[in-house]
Amino acid sequence: MAFKNYKFWFATGSQDLYGEECLKEVAEHSKIMVEGLNKSGLLPFEVIWKPTLIDNVSIRKTFNDANADEECAGVITWMHTFSPAKMWILGLQEYRKPLLHLHTQFNQEIPYSSIDMDFMNTNQSAHGDREYGHIVTRMGIERKVIVGFWNDETVQKRMAGWMRTAIGIMESSHIRVVRVGDNMRNVAVTEGDKVEAHIKFGWEIDAYNITDIAEYVEAVPEGEINALVEEYYDKYELILDGREPGDFKKHVAVQAGIEIGFEKFLKDLNYHAVVTNFQMLAGLRQLPGLAIQRLMEKGYGFGAEGDWKTAAMVRLMKIMTGGMKAAKGTSFMEDYTYNLVPGKEGILQAHMLEVCPTIAEGKIGIKVNPLSMGEREDPARLVFTSKAGRGIAASLIDLGNRFRLIINEVECIAQDIPMPKLPVATAFWKPEPDLATGAEAWILAGGAHHTAFTYDLTAEQMGDWAASMGIEAIYIDKNTSIHSLKNELRWNQMAFK
Ligand code: MN
């Protein structure tokens with residue numbers, strides 16, 4: 001998960017009408033603001049101050065420099081004074097990276113006793129930002145608008161969230177997914193137009209034979225396998241369930257070999273996400289279970305049964321949450337079975353094997369169990385339950401002529417009743433606004449059984465990413481009503497072609 005040392009540029013707009021004294025003050029103010037933002041400790045990336053933009057030439061140059069600077073992940077714009085927006089047109093037209101319009105002002109309070117017309121002319125964001133906002137809207141440019149005092153924690157936290165979205169936008173353009181196995185058993189929702197995904201999102205989705213991975217796995221030296229098995233044995237609880245310890249260890253060692261070999265393949269060929277298919281495993285002794293769980297934990301995307309869309313979405317979420325302090329986790333997930341008891345409604349989430357241990361609560365165990373489907377030897381897998389708390393589940397679907405992203409806010413509930421016979425990791429969540437409405441909305445919107453799930457991003461962030469990609473986003477949250485949702489879906493069919 002190593003990225004560039006991304007930075008965000010802070011560009012303050014003004015004009016030369018008000019004289020040197022005013023422009024000096026504008027520059028001083030914006031320097032103080034940039035310093036304050038960086039010192040807040042709330043922003044995940046550094047903000048870089050840029051000289052005040054006062055004309056067509058400086059604006060165009062700044063935006064083009066931002067395009068060319070590999071470490072620049074976006075430009076934050078703010079109009080300290082009025083700034084006639086025709087001079088912004090060319091620069092904005094040529095700009096290609098994420099754009100934030102921070103609608104703020106240097107002073108928090110109106111200085112009632114001293115305010116005069118000089119102050120009003122120097123401090124007129126309420127005026128200047130409307131002129132600037134108008135041209136961005138007229139030009140149809142996707143941007144984020146955040147309103148409020150720049151030194152306010154709420155504003156800074158929203159800026160931090162937008163920065164992570166911007167990193168997602170920047171990095172999305174070169175996510176590379178390796179498919180070892182196609183879409184499985186005629187499933188519809190995991191299908192999609194890979195060329196269109198490359199055009200829309202920048203994703204490269206390439207097919208390999210599973211035997212290419214198997215060769216890497218075969219070549220892993222025994223010493224490396226034994227060392228990794230020792231690591232597993234130190235880190236995880238062994239749940240033998242009556243299995244002979246030597247036999248158990250042999251099964252675990254197969255996954256260690258797959259983890260090492262698979263990761264070497266991904267590194268050698270520069271892939272960031274993996275798609276498997278449990279019916280196409282030639283050359284592998286087990287379905288990658290524990291191995292895939294560990295790769296997801298390291299930041300790789302994953303989608304089961306040929307599901308490349310979810311694999312790329314999981315990778316995208318891993319990117320957007322990269323380096324986050326106190327992150328609670330991000331995983332591939334699948335809606336499995338319901339609890340329909342009144343007051344306890346929710347969906348038990350799991351997969352055959354592949355749930356990411358970053359979402360685990362408490363201890364993680366290793367089990368070796370037969371697959372109820374598939375045809376290989378019993379795979380080792382990590383088992384655990386998941387943290388309580390709010391999160392989002394996202395499903396990217398292909399509607400034939402376009403993509404739709406469905407985002408459901410969910411509440412994960414601690415599972416205090418043991419499920420001793422279930423040999424997989426699980427989570428249990430209640431979708432917003434309630435199970436019946438949330439699931440009805442999800443089904444009407446065409447959402448899949450597979451999701452990319454995270455505790456650490458908001459629906460707003462994923463929706464902003466979708467907007468930036470030019471695709472439809474459907475939010476299912478506490479405000480969802482079926483009546484409005486059906487209209488929204490109907491109208492969006494006209495809006496998105
Ligand atoms: Mn599945």
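These are my notebook entries on what I looked up in this structure, which is a predicted model.

**Entry 1: the metal site**

I began with the manganese ion. Which residues hold on to it as protein donors? I found E305 and E334, each through OE, plus H351 and H450, each through NE2. They lie 2.1 to 2.2 Å from the ion. Along the chain the donors follow the spacing E-x28-E-x16-H-x98-H. I then placed two of them: E334 lies in strand β11 (residues 330-339) and H450 in strand β18 (residues 450-454), so this pair ties together parts that are 116 residues apart in sequence. Buried or exposed, I wondered about E334? E334 is buried, at a relative accessible area of 9%. H450 is buried too, with a value of 1%.

**Entry 2: around β12**

Next I followed β11 to its partner. Strands β11 and β12 run antiparallel and are joined by five bridges. T337 stands opposite L348 of β12. The hairpin of these two strands has six residues between them, and there G343 takes a positive phi near 85 degrees.

On its other pairing, β12 meets strand β17 (residues 426-431), again antiparallel, over four bridges. I noted that I347 has W429 in β17 as its bridge partner.

How many residues of β12 (residues 346-350) are buried? I got five of its five, so I wrote the strand down as mostly covered. G346, L348 and A350 point one way from β12, while I347 and Q349 point the other way, and all are buried.

**Entry 3: the parallel sheet**

I moved to an open sheet of five strands, in the order β2-β1-β3-β4-β5, with parallel pairing. At the edges stand β2 (46-49) and β5 (144-147); each has a single partner strand, so one side of each is left without a neighbour in the sheet. Ignoring direction, neighbouring strands here are turned by 30 degrees against each other on average.

Inside the sheet I looked at β1 (residues 7-13) and β3 (residues 72-79), which run parallel and are joined by seven bridges. A11 stands opposite T77 in β3. Then I checked what packs on the sheet. Helix α2 (residues 56-68) does, touching β1, β3 and β4 (99-103), and its direction makes about 155 degrees with that of β3. Helix α5 (residues 125-138) packs on the sheet as well, touching β3 and β4; its direction makes about 155 degrees with that of β4.

**Entry 4: cysteines**

How many disulfides are there in the whole structure? My search found zero. A disulfide is a covalent bond between the sulfur atoms of two cysteines. C412 counts as buried at 2% relative accessibility. C22 is buried as well, at 7%.

**Entry 5: T480**

My last stop was T480, found in the loop between β19 (472-476) and α15 (482-495). T480 counts as buried, at 13% relative accessibility. What does its side chain reach? I found the backbone nitrogen of D477 at 2.9 Å and the backbone oxygen of Y475 at 3.5 Å. Leaving out residues up to four places away in sequence, T480 touches P433, T437, A441 and Y475. I noted that Y475 turns up both in this list and as a backbone partner of the T480 side chain.

Terms used: Residues numbered from 1 in each chain as written. Predicted model: local features only at pLDDT ≥ 70, side-chain atom pairs only at ≥ 80, totals over all residues. Heavy atoms only, no water. Donors = N, O, S within 2.8 Å, 3.2 Å for Na, K, Ca; no water. Buried < 20%, exposed > 50% of the residue type's maximum accessible area, 1.4 Å probe, protein only. Pairing = 2+ DSSP bridges. Axes fitted to C-alpha atoms, helices over the stretch in contact; angles between N-to-C directions. Contact = heavy atoms within 4.5 Å. Disulfide = S-S within 2.5 Å. Polar contact = N/O pair within 3.5 Å; in protein donor to acceptor, adjacent residues only side chain to side chain.
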